Amino acid sequence: MPGQPVRIAIIGAGFTGTVLAVHLLRTVQAPIKILLFDRRGTFGRGLAYSAHNPRHLLNTRVSNMSVFEDDPHHFIRWLWANDSIYGETPGVPPSGHAFVSRATYGAYVEDVFLSAVRAAEDRRIKIVQAVDDVVDLQPAGDSVTLTLADRQTVDVDFAILCFGNFPPNPPFPIDATLYDSGRCIIDPWNENAIGRIGQHDSVVIVGTGLTMVDVAIDLDARGHAGPIHALSRHGLLPLRHELTRSYPLFLDKESLPLSIATLMKRVRREIRRAAAFEYDWRCAMDALRPIIQDIWITMPEAERRRFLRHLRPYWDIHRHRMAPSIADQIENWRRSSRLTIEAGRILGATFDDGQVHVAYRPRNCADRVTAAADWMINCAGPEYDYRRVDHPLVQSLFASDIARADSLALGLDLSPRSALIDADGKASRRLFALGPPTRGLLWESTAVPDIRKQCARFARQLGEDIARIAVEFPPD
């Protein structure tokens, strides 16, 4: 309406939603009202950075964790300024090669958000932090009607979905007896369930990635001393971070490889070349980060499918690494046989004689083997296929044909401007998504450097749209 602020709903106030709010507060000059929804009320922290365990460290160096791409040392300066509160500074050199706790990073994001809110107070900008769950939304002409968990409705001009990672669905059949036993933990982030595991109980973990590492660290912090058996299709562990040097970009952005085979050939050749000059392989890998999204967008869909089918596990362990101290801990547990890692195809899980039984076929072996334990924890990774996500808003989007899954089942189908594409293939002018839902569009869309870039770009884009609205409908 003329003279009224543009109403923007951000659904999800984890890292993505909060950083988007920060960039909107800094970028948009026209009068706006931001409604920031989060059902847990952990604004700025979300699930990832709400961890209370100080041994849960970031998986990325602090040098890459600034909220602002144009101010890469912002987080380092914040750590130095807040040393008396968090005590992280002695381990944070000017290079930023350090790994602080996730709780500390959550405090940083929260502080950045509150500072942005205070800085916007003298402008015609209002932000409302709503501890509520949006369960449905429906476009209605030039607005969007949100339905909350208590069935109240709210009308906005734009809605941006900033979902985090959804809990994993088991990638194998689980017998009803196991569900009924209470010894099967489907959601690895369910702290209450993890807390029921006894000190000397044996545990079988499905998955050997970073989620498995987090769960193992959490169990140890709780005093767990029993054996842990981790299983996955390839049995691959994330590699460790090491101090790296800057390395030049070795691919031409104007003529990027159009096949996975060509890309891997170029990367391997460059890693060998880098090694000849005493550069670690990580240096060459990290040089690709700024253009990973460009490579993904350029690749034909058939090549993206080939990557997901054959190379994804190997990409993940090289790209998403462990902090050095965490890698040392994992290695110590493996040496002592407290933690065993095995590759195999998991066939199913049951509960019998008071124990969990996970059947699998070891890699390069035709025999069927069973791992028995007191507990099973599903760490198979977040659910990418949104058609399988058990959340009322996601289900509503599909039921109403407002959204559809992308062709690779990695997230939501989106336009290049991050607009939702409906069942008929039409891009919305009012509904958008950022962060993890954009995996199919951009692939790399879950790490801080990727999300902050998305949020800054989208804030500028939306600011331009709002400016046009202000011209078309000037105040009375």
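**Questions on a predicted model**

Trainee: Is Ile421 buried or exposed?
Mentor: In this predicted model, the relative accessibility of Ile421 is 11%. Buried means under 20% relative accessible area. Ile421 therefore counts as buried.

Trainee: In which strand does Ile421 lie?
Mentor: Ile421 is in contact with residues such as Ile402, Ala403 and Arg404, once neighbours within four places in sequence are left aside. Its contacts also include Leu414, Ser415 and Lys426. The strand that holds Ile421 is S15.

Trainee: What distance separates the C-alpha atoms of Ile421 and Asp286?
Mentor: Ile421 and Asp286 stand 135 residues apart along the chain. The separation of their C-alpha atoms is 32 Å.

Trainee: Which strands do the buried residues of helix H13 pack against?
Mentor: Helix H13 spans residues 392-399, and its buried residues are Leu393, Val394, Ser396, Leu397 and Phe398. These buried residues pack against strands S1, S4, S7 and S15.

Trainee: Which residue with a positive phi follows H13?
Mentor: Most residues other than glycine have a negative phi. The residue that follows H13 has a positive phi, near 60°, and is Asp401.

Trainee: Is Ser418 buried or exposed?
Mentor: Ser418 is found in the loop between H13 and S15. Its phi is positive, about 70°, although Ser418 is not a glycine. With a relative accessibility of 6%, Ser418 counts as buried.

Trainee: And Glu278, is that residue buried or exposed?
Mentor: Glu278 sits in the loop between helix H8 (260-276) and helix H9 (281-287). Glu278 has a positive phi of about 65° and is not a glycine. Exposed means over 50% relative accessible area. Glu278 has a relative accessible area of 71%, so it is exposed.

Trainee: Why is strand S10 described as largely enclosed by the rest of the structure?
Mentor: On one side of S10, Ile228, Ala230 and Ser232 are buried. Strand S10 is largely enclosed because five of its five residues, 228-232, are buried.

Trainee: Which residue of S10 is the bridge partner of Ile205?
Mentor: Strands of a sheet pair through backbone hydrogen bonds, either parallel or antiparallel. Strand S9 (residues 203-206) runs parallel to S10, and four bridges join them. The partner of Ile205 in S10 is Ala230.

Trainee: Which strands are at the edges of the open sheet?
Mentor: Seven strands form this open sheet, with mixed pairing, in the order S8-S14-S9-S10-S11-S12-S13. Each edge strand pairs on one side only. The edge strands are S8 (184-185) and S13 (369-373).

Trainee: What is the radius of gyration of the protein?
Mentor: The C-alpha atoms fill a box of roughly 75 × 55 × 50 Å along the principal axes. A compact globule of 476 residues would have a radius of gyration near 23 Å. The value for the protein agrees with this, being 23 Å.

Trainee: How far apart do the centres of the positive and negative side chains lie?
Mentor: The protein has 57 positive and 57 negative side chains. The centres of the two sets are separated by 5 Å.

Technical notes:
Residues are numbered from 1 along each chain as its sequence is written. This is a predicted model: local features need pLDDT of at least 70, side-chain atom pairs count only at pLDDT 80 or more; totals for chains, interfaces and linings use all residues. Side-chain values use heavy atoms; hydrogens and water are left out. The radius of gyration is taken over C-alpha atoms; the globule rule is 2.2 Å times the number of residues to the power 0.38. Lys and Arg count as positive and Asp and Glu as negative; His and the chain ends are not counted. The place of a charge is taken as NZ of Lys, CZ of Arg, CG of Asp or CD of Glu. Buried means under 20% relative accessible area, exposed over 50%, partly exposed in between (1.4 Å probe, protein chains only). Helices (H or I, at least four residues) and strands (E, at least two) are DSSP runs, numbered from the N terminus. Two strands pair if DSSP finds at least two bridges between them. Contact means heavy atoms within 4.5 Å.
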